[in-house]
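Here are my quick notes on this one, as numbered points. Have a look at the model first, then read on.

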Amino acid sequence: MKTVYVDNNATTKVAPEVMEVMQPYFSDLYGNPSSMHFFGGQVQRNVNEARDQVADFLGADPSEIVFTSCGTESDNAGILGTLDSYPEKRHFVTTRVEHPAVGNVSTYLGRKGYRVTELRVDREGRLDLDEVRESVNEGTVLVSVMHANNETGVVFPIEEIGEIVKAKGIPLHTDAVQTAGKIPLNMKKSTVDMLSMSGHKLHAPKGIGVLYIRKGTKFSPFLIGGHQEKGRRGGTENVPYIIGLGKACELAKRHLGDENTRVKALRDYLEKRIFETIPNVLVNGDRVNRLPNTLSVSFEYVEGESILLLLSDLGICASSGSACTSGSLEPSHVLRAMGVPFTAAHGSIRFSLSIYSTQEEMDYIIEHLPPIIQKLRDISPFWNDYLKAQGKK
Ligand code: PLP
């Protein structure tokens with residue numbers, strides 16, 4: 001069966017070039033970078049070359065790059081490592097639409113007695129900068145605001161947030177797991193102190209991440225162990241994946257221009273054709289400040305899960321904005337925070353493209369999506385009620 005993979009915000013294909021550079025580190029070059037002998041020393045040099053590639057991609061100094069096991073670890077380490085450095089400060093600020101890697105840390109901190117402020121978003125998924133300004137004070141230990149939302153693709157104005165936060169001397173962490181490789185990042189010109197990224201969102205394997213820590217930022221290690229990563233993250237380095245991530249960053253830097261323009265054009269085409277072929281559709285989130293690869297749409301009066309299953313039967317892999325919790329389908333916390341109406345939130349689907357997406361794939365989706373929505377609406381009591389209310393039935 002044909003596979004049309006449009007779920008790249010969930011994970012991406014490992015690039016063949018990345019696979020190739022990783023291979024020797026599973027076989028011939030298996031030394032431990034901490035070993036004194038030449039065999040480990042060579043691997044240590046290669047790890048540092050990969051660190052240079054990541055630093056170059058982020059516009060950072062190599063000494064500011066800490067390799068972790070994933071985006072979740074980077075988020076946890078960034079937040080908890082800062083809190084540990086300022087035990088006297090007990091106020092944490094984040095948003096209502098974070099990925100659970102930050103959102104559930106926020107809940108945990110609330111349970112531990114921290115005062116937590118979770119900033120609201122509007123109907124377009126945007127933050128109110130005045131609310132950011134009003135929420136921070138001398139007791140605030142850290143502000144953690146994601147760079148772009150994984151469900152809607154809405155990009156937050158992280159530099160403006162940074163200016164507000166830094167004026168009060170408060171550190172800023174951002175979860176850039178969804179922006180790395182999709183929009184340019186330059187830490188030299190940034191107000192951000194700590195930034196998380198994850199390999200598997202930019203064509204490196206699952207199980208490797210980065211925490212960027214600006215020089216001079218107070219930080220206590222989250223994984224306490226050996227001297228690896230200059231004492232900031234214990235544990236023998238995941239050498240093959242670090243090498244792979246270095247290559248993925250080099251490729252991502254190259255693709256940031258032309259390839260991302262192409263991906264955006266494909267996403268815009270898909271959005272336009274959906275609007276032309278299906279009635280009662282809404283786009284979730286700010287259409288201007290949005291990742292170039294992401295499209296979150298709601299099809300009114302149908303269930304997202306049913307759409308996904310029917311798409312999946314045709315080889316199309318997307319995702320929905322609902323989570324199956326205790327047997328009931330709840331719209332995601334992101335769509336709820338945005339106040340997306342019930343009838344639309346349940347029918348939300350996220351299409352997320354990559355550099356491997358093609359025009360032919362978009363046409364395949366457009367060939368099959370309208371009849372699927374029609375079929376589901378034909379059996380939907382909500383759609384029937386809607387048609388009656390409109391005098392169309
Ligand atoms: N943060 C965001 C915004 C994400 O989208 C994800 C993964 O979906 C993560 C964090 C977690 O990254 P990882 O899967 O590498 O732990």
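Which helix gives the largest share of the shell around the ligand?

1. That would be helix α3 (residues 71–85), with three residues; helices here are DSSP runs of H or I, at least four residues, and strands are runs of E, at least two, both numbered from the N terminus. Before going on: this is a predicted model, where local features need pLDDT of at least 70, side-chain atom pairs need 80 or more, and totals for chains, interfaces and linings use all residues. Numbering starts from 1 along each chain as its sequence is written, and side-chain values use heavy atoms, with hydrogens and water left out.

2. Of the 13 residues around the ligand (a heavy atom within 4 Å), Gly 71, Thr 72, Asp 175, Ser 198 and Lys 201 come nearest.

3. Now the polar contacts (N or O pairs within 3.5 Å). For Ser 198, a polar side-chain atom is 2.6 Å from a ligand oxygen. The protein covers 88% of the 400 Å² of accessible area that the ligand has on its own (Shrake-Rupley, 1.4 Å probe).

4. Elsewhere, there's an open four-stranded sheet, ordered β9-β10-β15-β12 with antiparallel pairing; pairing takes at least two DSSP bridges. β9 (281–283) and β12 (319–320) are the edge strands, each pairing on one side only.

5. β9 and β10 (residues 294–299) pair antiparallel over three bridges. Val 283 sits opposite Val 297 in β10.

Terms used:
Polar contact = N/O pair within 3.5 Å; in protein donor to acceptor, adjacent residues only side chain to side chain.
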